[in-house]
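Dear colleague,

Here is the structure that I promised to hand over, and below it you will find what came out of going through it. Please read the text with the model open beside you.

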Amino acid sequence: MKVGIAYSTLDDSRRAGRMAAEEAVKSSGEPALTLLFTTDDYDQEVVYEAVKEVIGASKMAGFCAGGIVTADGVFRQGVGVCTLSGDELRVVTSLQRGLSVDPRGAGRRAGEELLASGLDQGTVFVLPDGFAANISEVVRGLYNTMGPEFRYVGGGAGDNLRFFKTYQSTETGLASDALAVALLDGATIQTGIGHGWKPTGDPLVITAAEGKRVFEIDGRPAFDVYSECLGGIPVDKFAEYGMRYPLGIPDISGNYLIRDPLAVNDDQSIDFVTEVPRNAVVSVMEGDVADLIETARSVAQAAAGGVAEPQFAFLFDCISRCLLMGEEFERELKAIREAIGMEVPILGSLTFGEVGSYADVPLFHNKTTVIAVGGSRKL
Amino acid sequence: MTQLTAELSILYEISSLAFSDSEEDFIEEAREKATRLFGVRHFVLFLGPKNKRRLAASWGFRHPEDIAKKIGQS
């Protein structure tokens, strides 16, 4: 397998797309799979066409997000391209539109299309619109169709938190409110996941919730309880506190599934980035930057540890971690690169939710770091 | 402490599982909790008396025939 990873931060959409793709293909040769990560301030159609002109018949999956992550740092405007080539690689993709109308169905149809290729193992890159209703359902639909024999990794597309429109693509087209997936077989890929948030205070029960809106916690208005847990906070400071103190839902292994508070409504209910199940027992979580960074390092070590000779790394890192850490986010990236190997090319995206799993079953996470490290499969 | 809290939280959440609007919603909630809390790869629920059981829900099976195979293995 040969790998090419390149990026461009040029303002011009066509030139940026073309430059990144040409640089990547120069290293990999004619690609079997191209992953395209962009940011929302480009003309996505122009970038898409420019990249397609370079990669030829390559299968492709891509999306736009709040920033791209490269070996040289994080860019809030940029086009990143990874190309993988090799006779041993087998790739199939699927693009499902109308994600918000039927999220479970979109996941199921994507899974059916991937399985129709005959591939029965590999890694599925999952790139949904991060704003669409119920991405957890998309992931469920995909997993329930394909099963645990595959590895699932990815993140939600975003637009620098403008909450307007995101884009997803495969070689068949470019769409919004869609799901792009690519199944890659023939490479060894190991994934890691973690966040570094820790529970604080007493557990709370989500007593009334519907979808992404939590109405009551412990039988009382959600904001009142959340505010009390933090010693009393003004509504107009909610965004700031929400970023620093998400909720976490434990699993039997003690891993916490993070749910990111987004906004308070007039009725004191709280909207979250992702669905919060009714009757879930949650904790308010806290984290300091050092813990978040060290966890990212551990995640990278776990991913790199499963690959004898890492050739590439993909990072799906929540945009809110980047916003929270500010300039310290570069330290997180450095820790990840040190753990994987500074010489290993890396490409990542600041995502709006992350797809990954602590065991076998993928879930949709918030405020989390997901890393995939890949290399050639040993025969 | 974290592990103990997690286990107690899960016990509470399981015990709160109750029939809500429909059988379908109930099964969906049970499946969601089983996969999220325990990370179960496969989930099958049969309903009815012993000789008339019907498959009410399954999870993580690529083909329906895999269900019988998996049950046979366990």
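Two strands are taken to pair if DSSP finds at least two bridges between them, and the strands themselves, like the helices, are DSSP runs numbered from the N terminus (at least two residues of E for a strand, at least four of H or I for a helix). This is a predicted model, in which local features need pLDDT of at least 70 and side-chain atom pairs count only at pLDDT 80 or more, while totals for chains, interfaces and linings use all residues. Residues are numbered from 1 along each chain as its sequence is written, and chains are lettered from A and ligands numbered from 1 in the order in which they are written.

In chain A there is an open sheet of 6 strands with mixed pairing, in the order 5-4-23-22-26-13. Its edges are strand 5 (73-75) and strand 13 (187-194) of chain A, each of which pairs on one side only, and the twist from one strand to the next averages 20°. Within this sheet, strand 22 (residues 312-318) and strand 23 (residues 346-351) of chain A run parallel and are paired over 6 bridges, with F314(A) standing opposite L347(A) of strand 23. Helix 7 (residues 289-305) of chain A packs on the sheet, where it touches strand 13 and strand 26 (369-376), and its direction makes about 155° with that of strand 13; such angles run from 0 to 180 degrees between N-to-C directions, the axes being lines fitted to C-alpha atoms, for helices over the stretch in contact. Helix 9 (residues 329-340) of chain A also packs on the sheet, touching strand 4 (68-70), strand 5, strand 22, strand 23 and strand 26, and its direction makes about 130° with that of strand 5.

One residue of strand 13 of chain A is G194(A), which counts as buried because it has 22 C-beta neighbours inside 10 Å (buried means 20 or more other C-beta atoms within 10 Å, exposed 12 or fewer, and partly exposed in between, with C-beta atoms placed from the backbone). Leaving out residues up to four places away in sequence, G194(A) touches T295(A), S298(A), V299(A) and T369(A), where contact means C-beta atoms, placed from the backbone, within 7 Å of each other. G194(A) and R297(A), 103 residues apart in sequence, are 9.5 Å apart from C-alpha to C-alpha.

Chain A is divided into domain 1 (2-194 + 291-376) and domain 2 (198-286), with bounds that come from an automatic or database domain assignment. The C-alpha centres of the two domains lie 28 Å apart, and 14 residues of domain 1 are in contact with 13 residues of domain 2. On the domain 1 side, helix 4 (135-146), helix 8 (319-325) and strand 25 (363-365) of chain A are the elements that give two or more residues.

Finally, the contact between the chains takes 22 residues from chain A and 21 residues from chain B, and helix 4 gives the most to the chain A side, with 3 residues.

With best wishes

Definitions and conventions
Two residues are in contact if their C-beta atoms, placed from the backbone, lie within 7 Å.
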